[in-house]
Every structure is written in C-alpha cells, then in structure tokens.
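Reader: Hi! Could you walk me through this model?
Author: Happy to; here it is.
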Amino acid sequence: MLIGVSILVFALIRVLPGDPVRTVVPETATAADIEAARERFGLDRPIVVQYGIYMWGVLQGNFGRSFQTGGSVTTEMLQRIPATLELTTFALLLALLVAVSFGLVAALKAGKLPDHMSRVVALFGTSLPEFWLGILFIYFFYYLLGWAPVPSGRLGVGITLQQISGSAVIDSLLTANWAALRSALSHLALPVITLAIVIMGPMMRSVRVGALDVLQSNSYRCAVAHGVPRGRLWRSYLARPSLAGLPTLAALVYGYLLGGAIMIEYVFAWQGFGQWALRGLLFRDYPVIQAFVIVVATFYVLIFLLADVLHALLDPRVRL
Amino acid sequence: MAEITPLSDALAIPLTRRKRFRLAQSKLMIAGIVILVLVVLMAVFAPLLSPWGPEEIDFDNILAPPSPTHLMGTDRNGMDIWSRIAHGARIDITIALLAVSIAVLIGGTIGAITGFIGGWFDEITMRITDIFQAFPSFVLALAVAAVLGPGVRNLAIVVAIVNIPPYIRLMRSEVIAVRERSFVEAARCAGLGQGEILFGQVVPNCLNPILVIAPLNCGWAILTVAGLSFLGLGVPIPTAEWGSMISTGAGDVVAGRWWTSVFPGLALFLTVLSFNLTGEGLRDLFARK
Amino acid sequence: MEETTLKPIPPINGETPTASTDPVVAVDARSSTGGGTGALLDVRDLSVLLGKPEERVAALSAVNLCLAPGEVLGVVGESGGGKSTLANAIVGILPDRSLASGEVLFEGKNVLAMNDAALRRHHGGNAALCFQNPRDALNPTRRVGRQLSDRLSTHRGLRGAAADGEALALLESVGIRSPKKRLRAYPHELSGGMCQRVMIGLSLACAPKMLIADEPTTGLDVTLTQEILALIRAAATEQGRAVMIISHDLVALAASCDRIAVLYAGQIIEEGEVDAVICRSAHPYTRALLDAVPDVSGLPVRAIPGTMPTLREPPSSCPFAPRCTMAEERCRSEVPPDTRVAPAHRASCFFAEEIEADSHAAARHQ
C-alpha cells in the first residue's frame, strides 16, 4: 500500500503547476540554462524512469537532493524530525494524561459538575484553531505576563547543547546540561499545551464513554460487591477495561497532531520537520515534498501498528 | 445505595438530576443553532453591516486599537477588522458548506454504489480510499492545496477531495448493513431496478450517521480553510478571510496589538463551535430515538 | 404416582383437616420461620422499587426472611420475580436510583442505612455474592489469580507468595483441575463450568459470613449442576457459613437446601423446611411449580397458564390470583395473610391449610 502512496505522490506533484526549476535558477537565465538545470535535476527523463531511480534511492535511504538548498534531503530531514517528534509526542502524552484522568472522573461523577465540565472542555478544544490558540497564549504568557520565553525556536539564545538524539529534552538529560533542560522545557511549554488542548477532546470523550459502560457492567459490580478496595478497583477494574479502545483513537489523533504541528511550528518558529516541508511545498521542491509525504505516510502506518499492539496488550481477548 | 423512604412518598415522581441534564444539553444545541444563524446572517448581510470595504485602506489609522470608527481596530495595512470579519464569514462559510456538500454527494454516491455492488469494483475503490486515508487529513489537504495553488475555488476543491474518503466509507458500511434487509428483497421481487432500489429504498435509510457527521465536518472544513490560508496556501493575500487575517496579525500580536488576530480567531472559534454544538445535538437526538 | 390436580377445596366448617398433626397457629403476619435467635441475616418487611420514576417496578414487596450460620436457604422463583434484587439488597448493591423501605439486618445492623465506609466493609467480608453469568462478571482484562489475590488481600490480609498459595488452594477446593495453569488464565479462556467455580472461589476468598449464589447452575449440565451445588452446600456444612442459593430450578434446590422460600412477583408466598415445602406445599403456586417440573417417569407436565405480573407498586391483592385455579373474590381484593401451617412453615394464601393438607395427603398416597 505504501507503494500506492508513493506512486500517488510522485504523480501528483509532477502535476504541480509551477516549474521547480524556475524557482532555482536566477531570473536572467536563458532557455539553455533552464534546460541544463532541468537535466541536472534529472527532470528531463521520462516520468517512469524518474520514479524508478527515486524509489531505488529511497530503499537505500537516499531521498535525493533538495532543489532549493542542494543539500541531502535525508540529512535535512534527520536534523528536523526529532524536533517535531518531541513536540508531538509531548503533546500527545499530556493530552492522554488529562483525557484519561478527566474522562474517568467524569464517568465516576456522571451527571455532576466534573462531567459537564469535561464535555465543555472537549467541545471547546475541538472548536479551537490551534494556530490562533498559540498566538493567544503567546500574547498572554509572553507579552502580558512575561512568563514564557521569546517564541522563537526550541532553546534560548546562548544555550549550547550537544546533539545526540536530536531531542532537546533527552539530550540535555543525557549530558546533564540543566540550563539547557530548563530552556528546552520552557520553550516546549506553550506549543505543547496548545496542541494538547486541541486534541484532548475526542480522547476524553472516548474514555468517559468507555468508563460509563464499565461502571454499569457486571464485572465492575462484582468487584464492588466483593469489597475490592477503591484504589485497586479504579486501577484494574475500571481504568484498564475502559482504555481498550484508546490506542486506536490516539493513533488517529496523532495524525491530526502531525498536521497541527506544521502550524504550531510556524507560529513558534520551531525549525522542525513541518516548517521544512511547508517551505518545500511553497517552492515546489520535489524531493522535499516527496520525502515529507512518504515519511509521514510510513510513520502513520507504523503508529497504527503500534496502536494495535497496545490494544492487544490492554485487552487480552484481542488476538494480534 | 438505595434511599430509604416510606413507600407512599416513593410513588411520587420527582424531576431527577438526569432530566435536568438532558434539558441543558438541548439548550446547548439550540445555542449552537442560534449562533450559526447569526453568523450566516452576518455573512449574507456583510456589505450592509460593514462601515468600511473589506479591502479599503484607512491610511490614517494603521494598527489602530478598537474605537468608535473602527469597532475592532485596524490591521497593519489599515484595513478595518470588523468589516473584514463580516466579509470573511462569506468566504469561510461558503467554502465549508459547498465543500462538505460536494463531499457528501460524491462520497455518498460512490460509497452507496460500491457498497451495493461489491465485487472487484468495491475492492479497487477501497484500495484507493485506503491510499488517501494513509495520510492525516490536514497533511493531505496541504499537499492537494499546494498542487492546486491558491484561490477560493481551489480551496473548496481541496476540502471536498480530502473529505470524500470518509463519506465513501460511511455510506458504504451503512449500505452493506441495510442491503440485506427484507424490504430490499421485497423491492427486488417487485421488479424495481437496481438504481431505483439503491437510491429509492436503501439510501434513505442510511442517512442518519451522515446527518450527524456533516455539521461536525463543516466545522473541521472551516478550520482547514483557515489553516491553509494561515499558512499562505489558501486565499490570495488581500482577501478577507479569517485564517489569513490571523496570519497577517500574528507578528503584531506579539508586539502587543492583540485585536489584529484575536477578533478573527474569535469569529472562527464561535462559528466552528456552533457547528460542533449542532452536530453534537443531532447526535444526541438520534441516539435518544 | 398419581396425577395431582388442584381441586377447589370446599371451605372448612371449623374442623381441621386430618393430615396435619401440628396445631395450626394463626400467625401475626409476616414473620419468617427460620433463623431464630442465632439469625445472621434478618430481612424485615423489605420493599424495593426499581427504575426511573416514570417506569417504577415493585421488585420486592414486604419480604421477611431470616438466615442463620450453617443454614442453606433456597430462594426459588421465575425470572423477574425479584430474586436478584433480594440478593442485591442483602449485599448492599442496589442501583442508585432505587427506593427501599424496611430493614435488612445483618448482625443487627441495617444494610440499607449503612454509610459508604460501613458498606465497603460489608461487601464481601459479610456477604459475598456469586453473580449470575459468571463469565460476564469476571474482569476480562485481569488474570484469575490476580482477581483472587485482590479479594484475599482485602479480606484475609494475604499478599505475595502467601496469597498465591491460598489462591491455588481455593481453586483446588472448588474442584478445578490443573489449578496452577488456571491461575494465570484470563476468564475468556475458561469454560462456563470453570467460570462458575472461579466465581465461587472468588466469593469464598472474601471469607464471607454469608454466601449468596445467584443462579449458580444455569446453563450447566446435570452432573456439573450437582457438583456445583455440593460445593456450595459444603460452604455451609463444612465452613459454617450462611448460604442462600437462588434458582428457578426447584428440584436442584430440593436436594441441597435446608429451607426453601418461594418468591412470586416480589413476595415470599411460601417458606419453610425443604420437606414441608416440597411434600406438603401450602400455596397453589408452589403446587403448580412442582407439577410443572419435567419428570423422568414421563408423566405429563403442566405449564402454568398466563405470565407473572410486573407490579408497579406493592400489591393490594394476591398477585397469583389471575392464574390460580382456586382464586375467589377475596383473593382479588385483599392481600392474603401470612398463614403459619406448621412451626417452620408459612404460606400467604387464604387456603394455606387446606392446600397443605391436600399436598400431604397426595404425597402419602404415592
């Protein structure tokens, strides 16, 4: 199926109006210069050949060279992917934490205030444009209150960090660079919270519905009737059965996160994968666009596989 | 546990907490519909409601805060924000409604046919749908928007295309569930043609989930249009549209001129909220039935 | 055995029928016959209304019961007759929306009036309920062994290796072969019979003073039924617990219980020692139930015509009257009194004594 994806993307972007070559060559270029550039980028070969050459390269890890920068697409990607992963993963974790706890509480106190509040929060969250929320937060927490750092990039000015994994948090932990850790976390705070608010709605609702079902179920009532204490009751007899459907939903949400991350990276000047891809899109940088789409699609498929595994772990009745 | 009361009292019927909760829910849905109507009215009567043209520049009042002449202030180009919001409503809502309608029609039709016929046609259609759904929706919208280029008409096409696969899936699964039912068999025996059966008998019974999803989809569509415009892939620059207004004003907000982005965003948020409330309300309505 | 038919018996002219040797004692209404001073459980005049205000159902009406440690009480009735509600009330897990009046006294304290903390102590430790449909009532995401240790640690303070050892012993005691394997199993991997045994094991792990088994043999074959019932009875005879078995299977109960109570439309219409209720039934419904039991000897079976009513409020007449062949005018307008036909045998019917005599005679003639 990934082959289908790659074919689709290859064909689609060749249909792009706008000649990539023209964005690269200087304005004074003659027709001959343009032809030469086209030849250099391999765009004069038949499409099928182009596709073959490209996929062969991909299988070897080579995604070609960016039309704009001339640099290796693979290298540029690897530099930027960790930043985006850091952002989206933290956002997902935060959202999961809130969704699970609030969802369970909402179910336990169904019909009372926490329940209503959770519905309102979920509704508002899904109606908010994340880019606007990000800007609002910047206004409040940076401009008005001065709590947040300058919304530019992942680390403050003057902080140096040794790159190991590419993730600012992990690297600063690994090198025990506490200044960098503080800076990284403070820069992560606003974008992560923004993204988390927007995605927690559907997950909170899923947990709440699942938990309400479990609370009515005979298996829960039996545990109550046998006097199982509340801590154990809520952990193993309420939470665990309620969360079975969550991994699949979280995978779907992660997809939405990837899209939202592009906008948040734009707002917070995050220098991540999304921003890079956006530039590629705007400038018709074919190799960049192709790489972006293939990587995202592959990642999305892997995420769903991971979700299936988690689902099977949570619910022993499911066979992989 | 149970409350202990003398039985005679017990037989009276009090208004329980549950009932009050339900009333609150329908109030929310009504609020959603009201807001929606207001926004649509604002869009329809935009020219009447705007003291300034949507792209009219007031050179004396660049980046001016809200005042009696400019109810919501002006942006960095000197354009009146309130007027742009009113006109922006036209674009955002029109595109969303148009795109979702197209997606429902095309996606629904394809889904109905492929669900009804099955076979290799079904296989191929689902494979293609899978490929489209291998991407997160916004990423797909981004890619398609980049292909088509900016413009209002293209935006509508983008949103429509991205939303077709879910409706194909939805309609298909509904049709598959309904096509085995006895009244379909009866219609067949009565000599009705395939097309008549499909669109006359089966499809009308499959519409409920679509009616619930469509408003929620509209909400998402508006967010996508705004998002794409925010990134520069949507409407061309000076056009009044909520997303691109937020983008234009972003830099100014950080410097303290909050009205440039806050008002358009508020309009966006309230409109999407109203769609979501309506969709939620419909869902509850159908669930209760 | 001759066919027994329920014939209208002419009113007595002040003479007692020949059969019964015990003097008839007019009872001051609604007191149970068993238990006595050592009663662990004393249900007094319990009425329960279930459901939303618009759709209230009188699940139980003026129920009186007692149970002492070591006794086995069988509660028999049709589906919807209130059996599970009774169990729920005793354990203290009636749904939040229900209304109850009367008392459920466990060791003198009213379960219905307990606060949350007291209820939590009561659950399991005092009364443990074996749920109907055990597979449905086991946590599908938790191993059997863990579910056992949850109860063991709460009620017996066992943890770790000690808990595991005890769990193993429990599984063995309920007749599960290869208990080590079953400890690590998930409920969906077990058969119906095994799930039932596990459920009993879970309840026993609570070290309860009273065990309630709700339909423990539904869906099980005959041999399994006997084993399970023997298991449950052993909880009373060997471990000294008070045991209540709820079932629609009168025959099964007859073999394993000391006393039987017959529930109809939320009321106890007959209650007494097992011999008395089975062989000297004093209520038309009990007689009809016995007649309806399929007999291996091939005699025709009589189904009881009509259906059990769902009452919206406690009845003001005999609930069985519409289906009763002996019903008279006053059956339809007054509530029949709780008549004590023997020291340990009561029935709520205007004709209790006559019916008892008739049953006794019929039994004698076999």
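This is a predicted model: local features need pLDDT of at least 70, side-chain atom pairs count only at pLDDT 80 or more; totals for chains, interfaces and linings use all residues.
Reader: How many residues does the contact take from chain B and from chain A?
Author: The contact takes 39 residues from chain B and 39 residues from chain A, where being in contact means C-beta atoms, placed from the backbone, within 7 Å. Residues are numbered from 1 along each chain as its sequence is written, while chains are lettered from A and ligands numbered from 1 in the order in which they are written.
Reader: Nice. Which element gives the most to the side of chain B that touches chain A?
Author: H12(B), with 10 residues.
Reader: OK, new topic: what is the mean pLDDT of chain A?
Author: Chain A has a mean of 81, and 80% of its residues reach 70 or more. Confidence there is lowest in helix H2 (residues 20-24) of chain A, at a mean of 55, and highest in helix H10 (residues 218-225) of chain A, at 93. Helices are DSSP runs of H or I with at least four residues, strands are runs of E with at least two, and both are numbered from the N terminus.
Reader: And over in chain C, which strand does S9(C) join?
Author: Strand S9 (residues 259-264) of chain C is joined to S10(C) by 6 bridges, and the two run antiparallel. C:Arg259 stands opposite C:Glu273 in S10(C). In their hairpin, with 2 residues between the strands, C:Ala265 takes a positive phi near 50°.

Note on methods:
Two residues are in contact if their C-beta atoms, placed from the backbone, lie within 7 Å. pLDDT is the predictor's confidence in each residue, from 0 to 100. Two strands pair if DSSP finds at least two bridges between them.
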